[in-house]
Amino acid sequence: MPGVPEDLDVFHVPHGQMKKIVHCIEDELTHTNFSDHDAYLSILSHLRHDFHIFKCHEEIENKYILKNLLPRLPHSAKTSLQKDIHSDNRLSLLVSLVHDGLTWEEPSEGDRVAFGKKLKDAIADFTTDFIPHMEEEEEVFLPLLVTHFSEGELRELTQIVNHLHGKSQGKDKLSTPHESPGLTSLPPEVLIKIFSYLSPADLCHLSQSHTSLRGVAFDGSLWRHLHPVRWANGNVCFFRPPHGDPSHDACVENNMAKQLMSVEGRVNANLRMREGVMEEYCEGEARVLTVLLEHLLPRIGTHVRTLDLAYGKAVSNEIVFRMLKRCPNLQYLDLSHTGVSDFAFKGLLASREVWSLQHIDLTGCTQITDTALQRIGQAISTHSSLFPQTCGHPGGKGCVATPIHPCLKSLVLSRCHMITDAGLRALVVGVVLPELRHLDLSGLCRITKEGLGDLVASCPSLNPEMFFYCDNILQGPYADCANGCQSSGEGDDVCYCKRALDSS
């Protein structure tokens with residue numbers, strides 16, 4: 001209503017917020033692929049939250065605005081206004097529809113797409129009436145409020161309504177133009193800079209606090225480096241790798257972290273076992289991994305560069321496989337000291353993943369065999385065909401083009417004692433790894449100098465100081481300058497390779 005100050009307008013702030021939510025819903029519906037199961041669940045969760053806000057909005061207006069206004073009106077005016085006030089039949093149908101979608105057990109892809117169309121149509125019907133309904137409220141009720149309430153009463157009612165709407169959305173109160181600007185008034189680039197100092201848990205909570213902040217909280221630049229196992233253990237920072245060569249600097253940082261976690265992990269593990277809470281700890285870790293996989297990666301997966309699952313007790317083959325599919329641009333993968341096996345890498349060739357990986361760490365993954373290296377090698381070979389390299393001879397006459405893989409810079413297979421020469425050769429069948437500089441084969445007790453030679457021949461940039469293999473292999477590649485085995489016995493002088501062979 002023109003001429004009514006905003007501090008006396010009970011509809012100004014709440015209706016502005018409702019319109020923003022409607023626009024966000026329409027935008028999210030437009031960009032959601034309902035054939036994707038994770039995206040399907042994600043948008044339904046958001047809609048459930050948004051529809052709850054709509055219902056709270058109507059309940060607040062009924063209880064605090066209409067209930068106070070009606071007793072002051074003549075009988076004839078009451079009768080006309082009470083008819084069909086805030087009929088929320090369509091909203092109730094939407095709430096029921098979203099609930100059905102969330103409780104639907106294993107809908108097929110076709111079912112999800114059909115449900116998405118039904119949901120879009122229902123929301124379109126609702127929003128078509130919802131915004132005009134709010135405008136009608138402003139035209140009809142606001143003049144009556146101004147007529148029948150004093151300025152003091154109206155100002156107090158406006159403050160109460162704004163405060164209750166803020167509580168319904170998880171805030172203390174909604175901001176008004178007369179208050180200090182809040183986060184929502186800042187440009188996205190400024191918000192992203194501020195949010196970069198927050199933990200993953202803080203960002204998730206923030207995304208639920210205000211609809212307009214949701215997109216910024218899930219900006220891909222904030223989720224490049226994921227350490228879910230550490231998060232489950234209470235360490236909720238992102239641990240962004242230092243600048244520099246990712247195959248070297250990230251490797252140094254990772255080794256430092258592992259040394260700390262190795263010492264602390266053994267102590268903490270003993271304490272947990274003694275206290276009988278290891279099972280509870282694993283359940284907490286599993287919950288973090290599930291949330292990451294089902295709710296976060298559908299949004300941010302293409303932006304993820306680092307995935308650190310080291311020492312994860314709840315890390316399974318299925319989780320790793322699905323995460324790799326969700327993170328096609330992944331560069332740094334750490335699965336060290338997890339229970340994953342060859343099945344984690346099943347289907348990589350078909351799904352065309354891992355081609356951008358620069359660092360792979362499988363330290364202590366004792367169930368990894370030659371099959372895993374074969375699958376990784378096949379995927380590398382497939383993508384390497386995109387980068388043909390001819391020999392340097394003039395004219396190239398008589399030369400055969402050699403596929404190269406320009407990404408992989410670091411490969412750690414320490415203590416994967418089931419790997420043999422066949423696995424090493426399968427990794428580089430018909431392909432060259434010109435950027436591979438760091439190679440750790442410590443504790444591989446079934447490989448020979450011949451297998452090592454075939455692998456090293458395809459790694460022209462290998463740095464001998466960052467090349468590790470068992471001291472029991474004599475006259476191997478770079479015999480005079482390569483570093484020795486990093487998997488010596490703990491507490492004794494027995495070589496790990498010898499103990500691994502004896503135990504098998």
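## Strand pairing

Two strands are taken to pair if DSSP finds at least two bridges between them. In this predicted model, strand E4 (residues 359-361) and strand E7 (residues 410-412) run parallel and are joined by 3 bridges; within E7, serine 410 is the bridge partner of histidine 359.

The two strands belong to an open sheet of 7 strands with parallel pairing, in which the order is E1-E2-E3-E4-E7-E8-E9. Strand E1 (225-226) and strand E9 (467-468) each have a single partner strand and stand at the edges, so one side of each is left without a neighbour in the sheet.

## Helices H7 and H8

Helix H8 (residues 200-209) contributes Pro200, Leu203, Leu206, Ser207 and Ser209 as buried residues, and the buried residues of H8 pack against H7, helix H9 (211-217) and helix H10 (228-232).

Helix H7 (residues 188-195) holds valine 190, which is partly exposed, with a relative accessible area of 34%. Together with Leu183, Leu186 and Ile194, Val190 makes a nonpolar surface patch of about 270 Å².

## The protein as a whole

The protein has 18 helices and 9 strands, and 45% of its 504 residues count as buried. Among contacts with a separation of 6 or more, 77% are accounted for by residues 24 or more positions apart.

The protein exposes about 24,700 Å², of which 53% is supplied by carbon and sulfur atoms.

Notes:
Residues numbered from 1 in each chain as written. Predicted model: local features only at pLDDT ≥ 70, side-chain atom pairs only at ≥ 80, totals over all residues. Heavy atoms only, no water. Helix = DSSP H or I, 4+ residues; strand = E, 2+ residues; numbered from the N terminus. Patch = residues over 30% accessible without salt bridge, like charges linked within 9 Å, V, L, I, M, F, W, Y side chains within 5 Å. Areas by Shrake-Rupley, 256 points an atom, 1.4 Å probe, with all protein chains shown as cover. Salt bridge = Lys/Arg side-chain N within 4 Å of Asp/Glu carboxyl O. Buried < 20%, exposed > 50% of the residue type's maximum accessible area, 1.4 Å probe, protein only. Contact = heavy atoms within 4.5 Å.
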